[in-house]
Amino acid sequence: MITLAEAQIQSRESKVNKFAIAASTLAVAALCMGGPALARDQIKIVGSSTVFPYTQAVAEEFGKKTGKKAPVVESTGTGGGMKIFCQGIGEDKPDITGASRAMKKSEYELCTENGVDDVTEVLIGYDGLSIAQSKKGTPMNLTKEQIFLALASEVPDESGEKLVKNPNKKWSDIDKSLPDTEITVYGPPPTSGTRDAFVELAMHEGCEELEYFKKNEDQVKDKCTPMRQDGPFIEAGENDNLIVQRIEADPNSLGIFGYSFLYENKDKLQGVKIGGTAPGFETIADGSYGLSRPLFVYIKNPHRKVIAGMDEFITEYVSDDSMGEDGYLHERGLVVLPEDKLKEMQDRATNGKKMAAPTS
């Protein structure tokens, strides 16, 4: 079994000179000093709270099938996971991270700067970014424009000529056809890929429907991204189960999380329709549900050579039994890939194909 230092060197030999290789060897050796002679025998995984239950299910299945230690899976959020994942190569660094959006250019550059320059990107399936409510509440049907007007820090005033602090306290303040109840929405923090996706798919697209932003397109990114901080929007951390509990306790509240959590709690919760369409396997897969997004895992390829069971775990993750049409991840709410795309991802994962640099 080779060392992590050797693994890193192999991934860099074509790019650096002999002096840089020597420096790299010393850096990685320093990372591993004080540890055991061989690499750890348990896979470490971080990342998205949305991807977490899928990865956890694969980890449990891997443990049962192989008799090896199940991987340690930690829910850190997509952004938090990328930051940890990209810290470097070494026994104290994670092997895989989950993400509810694609890796950003800035994250790829951070990885590369720290020697994490051989990574495989695997699309595992699709998820609907659900807005959910208690089954005890009045069923809601919202447009993206209404979502923006409920949750944005600033909105256009009545004249439509300038932005003001969001005055909307009740849903009926936005539209008389909506419930006469206070706006209370639990959602993820800025470190979450779910938050990133919600801002892009709901907030930005919602604000673009307003006349003010049609006239001031250059303000969309800066003015339509901040969520209000005066009470109606409540950050609930990376624990989506906590959001479920809070919605149960307050039937008038809403929560934002991945479709899998709505699916797993369908006896208690219902999905809020977006533009008349409810979240579901078919509407997410065909794109008719307006808050759909891809889910990913990123694999640190040099660790495959030294972390026991990594190749077997990856094979299990992308198997038909896991990610296929009748796989156990679909049973947990994952919207699966078409057959040809699944085969492409299986080949990419098992062969450790290095990802290209993101452009944005």
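User: How many nonpolar, polar and charged residues are in the lining of the second largest pocket?

Analyst: By class, seven are nonpolar, one is polar and four are charged. Here Ala, Val, Leu, Ile, Met, Phe, Trp, Tyr, Cys and Pro count as nonpolar, Asp, Glu, Lys and Arg as charged, and the others, Gly among them, as polar. This is a predicted model, where local features need pLDDT of at least 70 and side-chain atom pairs count only at pLDDT 80 or more, while totals for chains, interfaces and linings use all residues. Residues are numbered from 1 along each chain as its sequence is written, and side-chain values use heavy atoms, with hydrogens and water left out.

User: What volume does the second largest pocket have?

Analyst: About 260 Å³. A pocket is an open set of points on a 1 Å grid over the protein atoms alone, where a 1.4 Å probe fits, with protein on both sides within 12 Å along at least five of seven lines; lining residues have an atom within 4 Å of a point. The volume is the space filled by probe spheres set on the points, which are joined across faces, edges and corners.

User: Which elements each supply at least two residues of that lining?

Analyst: α6 (144-151), β6 (154-156) and α7 (171-174) do. Helices (H or I, at least four residues) and strands (E, at least two) are DSSP runs, numbered from the N terminus. Among the lining residues are Glu145, Pro156 and Asp173.

User: And the largest pocket, how much space lies in it?

Analyst: About 650 Å³. Its lining has 23 residues, with Arg101, Lys104, Asp196, Ala197 and Glu200 nearest the centre.

User: Where does the largest share of that lining come from?

Analyst: From α8, with seven residues. Both α8 (193-207) and β13 (292-300) supply at least two.

User: Switching to disulfides. How many does the structure hold?

Analyst: Two, counting pairs of cysteine sulfur atoms within 2.5 Å. Cys86 and Cys111 form one, with sulfur atoms 1.9 Å apart; Cys207 and Cys224 are joined by another, S to S 2.2 Å.

User: Is the disulfide of Cys86 and Cys111 left-handed or right-handed?

Analyst: Left-handed, because the torsion about its S-S bond is about -70 degrees. Cys86 sits in the loop between α4 (78-85) and β3 (96-99), and Cys111 in helix α5 (residues 105-113), 25 residues apart.

User: Why is the disulfide of Cys207 and Cys224 right-handed?

Analyst: The torsion about the S-S bond of Cys207 and Cys224 is about 100 degrees, so the disulfide is right-handed. Cys207 lies in helix α8 and Cys224 in helix α10 (residues 220-224), so the pair ties together parts 17 residues apart in sequence.

User: Are Cys207 and Cys224 buried or exposed?

Analyst: Both Cys207 and Cys224 are buried, meaning under 20% relative accessible area, against over 50% for exposed and partly exposed in between (1.4 Å probe, protein chains only).
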